[in-house]
Amino acid sequence: MRIACYHNLPSGGAKRVLYEHTRGLRAAGHEVVVHELQTADAAFCDVAEVADRVVRVPCVWRELPAPRRGPAGVADALLHTGVLYGNYRRLAAVAAGVAGKLSDEGFDLAYVHHDAFETAPTLLRYARIPTVYFCQEPSRGVFESPLFDEQGGPAAPASPASLWRHALGGAASVVRRYRLLNERANTQAATLVLANSAYSAESILRAHGRVARLCTLGVDAEFF
């Protein structure tokens, strides 16, 4: 089988999972070509060591500076929302381009891992071939409520500080709502969703209304 792995992962456990799964799939006799965004960490658990080929996909993600306090922060909040919107539009365009490429090149399956910017990649919605999404967990910052109000509760409505906080909070809620709907739609579009534990499967069901198949992580008994 010709399998295209897709990810935009930083260094960490999820990248190691991708590395080991790629190695295991090749050992099972499959051809595995990894497509990773240029914003992914390529050095940690370099999949070039275990894949048949690695394709670095161009991607531009504009970083956001910390917003200023006071009245200037209101304009910053609106600007940041616009920049994020542009970032997500570019991610969607990249996903559409990769989806077309995978179909044209005759891949049988897209094995999709997390995207650092949107968790469940938009490729899942655009793919024209069957997809398997290994979901480590839903984005906790999007789907779980904070335990306390970091702003310390609302200030007096007439205070400049209150206006600043409400503007930032309003912009943040728009972005959070977009991310929630985007991640849910992408997860629901996958042909098959895999979870690393029963707990993660329950989280996926609560967040996305999607039943995931359990795929627990193994241990390299020769190394440990």
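Colleague: Where is V219 found?
Modeller: V219 sits in the segment after β7 (213-214); strands here are DSSP E runs of at least two residues, helices H or I runs of at least four, numbered from the N terminus. This is a predicted model, where local features need pLDDT of at least 70, side-chain atom pairs count only at pLDDT 80 or more, and totals for chains, interfaces and linings use all residues. Residues are numbered from 1 along each chain as its sequence is written, and side-chain values use heavy atoms, leaving out hydrogens and water.

Colleague: Is V219 buried or exposed?
Modeller: Exposed, with a relative accessible area of 66%. Exposed means over 50%, buried under 20%, partly exposed in between (1.4 Å probe, protein chains only).

Colleague: OK, core next. Which residues touch the most other members of the largest nonpolar core?
Modeller: L102, L123 and Y133, out of 33 residues. Such a core is a set of buried Ala, Val, Leu, Ile, Met, Phe, Trp, Tyr and Cys residues joined through side-chain atoms within 4.5 Å. Helix α2 (residues 72-104) gives the largest share of this core, eight residues. There's also a second, separate core of 17 residues, including I3, V34, Y111 and L194.
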